[in-house]
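Thanks, everyone, for making time this morning.

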Amino acid sequence: MEFIEWLEGSTLGVVEEREFRCVPDSLLTFLTAKETVEEVSQVFGPVFKNMVARYALEFEVEKLGCEKPEGVETFEEVSDFIAKNLDKYPNGFCALIYGMLKAERLLQGGTGAGARSAAIDAIRNVIKKSGLLDEIVGSTKDPYEAMLKAGEIYEKLNVESPIKVRKLADGSVEVMTLDCPYTDACTLAVKEGIRRVIGNVECVELILDWATVEIVTEKKYDYSLEHYDPPKCSGKLFKL
């Protein structure tokens with residue numbers, strides 16, 4: 001089914017909706033991805049960053065269409081290489097995201113619960129440390145309101161993805177990516193069989209939204225990817 005056909009037929013039970021049309025800043029998104037790697041490495045150790053560096057570099061040179069640069073091996077060296085080439089490949093943050101997804105899978109022997117827990121905890125910590133959401137933490141228990149409040153903050157700083165957020169009658173929240181910036185990392189990971197424990201595709205955007213809603217509402221949530229057709233996908237955030 002084409003995305004637009006699915007979108008037009010998916011309005012049943014929609015109470016309210018809001019669109020965010022921001023284009024995320026490449027450098028800020030890259031720095032967030034880098035900090036997330038640092039956080040996850042505290043769980044898996046130095047080997048994690050080494051693996052991320054290897055896979056991220058392979059990803060980046062493929063996107064740039066160049067040879068692997070000499071003397072670029074460590075995580076910091078690879079990160080610097082990606083940052084210096086953001087003008088040529090603005091979505092260089094996808095290299096780090098792909099590297100994380102692949103490293104976690106290999107370290108866990110598959111996308112196990114440990115890897116998934118490490119990733120969500122890392123992203124939650126990165127957002128908390130940034131202080132971006134401090135003023136709205138605990139301000140609402142409604143996940144839709146939490147998404148709107150956070151979205152307005154993210155949008156002003158150019159760190160929000162272009163998404164549509166819907167409040168559904170069953171209390172869950174539907175998130176639709178309108179032009180997902182993480183598509184390059186996502187599609188390659190899927191091609192290589194990197195999936196969630198239950199077999200579904202991992203979704204970077206939904207993981208970010210999941211962490212955001214948990215921080216603001218101070219409640220536990222999870223997500224499910226309902227429609228996979230990058231760069232336009234859709235999923236739900238629901239309370240546990």
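This is a predicted model: local features need pLDDT of at least 70, side-chain atom pairs count only at pLDDT 80 or more; totals for chains, interfaces and linings use all residues.

The strands involved are β3, residues 173-177, and β5, residues 234-239, which run antiparallel and are joined by four bridges.

On to β4, residues 221-227, which is also antiparallel to β5 and is joined to β5 by six bridges. Here Tyr221 stands opposite Lys239 in β5, and if you follow the chain from β4 to β5 you pass through a hairpin of six residues.

How many strands form the open sheet, and in what order do they come? There are five, arranged as β1-β2-β3-β5-β4, with antiparallel pairing. β1, residues 14-20, and β4 are the edge strands, since each of them pairs on one side only. On average, and ignoring direction, neighbouring strands of this sheet are turned by 20 degrees against each other. At the β1 end, six bridges join β1 to β2, residues 163-168, and Arg18 stands opposite Val165 in β2.

Two helices lie across these strands. Helix α7, residues 143-156, lies across β1, β2, β3, β4 and β5 and runs at about 10 degrees to β1, whereas helix α9, residues 204-217, lies across β2, β3, β4 and β5 and runs at about 150 degrees to β4.

Now to helices that pack on each other. Two packed helices are described by the angle between their axes and the distance between the axes.

Take α2, residues 26-44, and α5, whose axes come within 8 Å and cross at roughly 20 degrees; because that angle is under 35 degrees, α2 and α5 count as roughly parallel to each other. Their crossing is left-handed, and the residues in this contact divide into ten nonpolar, four polar and two charged. Among those that meet are Phe30 and Val37 in α2, and Leu96 and Met100 in α5.

The helix α5, residues 93-108, also comes within 8 Å of α8, residues 183-191, axis to axis, with a crossing of roughly 30 degrees, so α5 and α8 are roughly parallel too. This crossing, however, is right-handed, and the contact has seven nonpolar residues, no polar ones and one charged. Cys94, Ile97, Tyr98 and Leu101 are the α5 residues here, and they meet Asp184, Ala185, Leu188 and Ala189 in α8.

Key:
Residues are numbered from 1 along each chain as its sequence is written. Side-chain values use heavy atoms; hydrogens and water are left out. Axes are lines fitted to C-alpha atoms, for helices over the stretch in contact, and angles run from 0 to 180 degrees between N-to-C directions. Angles under 35 degrees count as roughly parallel, over 145 as roughly antiparallel, 65 to 115 as roughly perpendicular and the rest as oblique. A crossing is left-handed if the near helix is turned anticlockwise from the far one by less than a right angle, and right-handed if clockwise. Contact means heavy atoms within 4.5 Å. Ala, Val, Leu, Ile, Met, Phe, Trp, Tyr, Cys and Pro count as nonpolar, Asp, Glu, Lys and Arg as charged, and the others, Gly among them, as polar. Two strands pair if DSSP finds at least two bridges between them.
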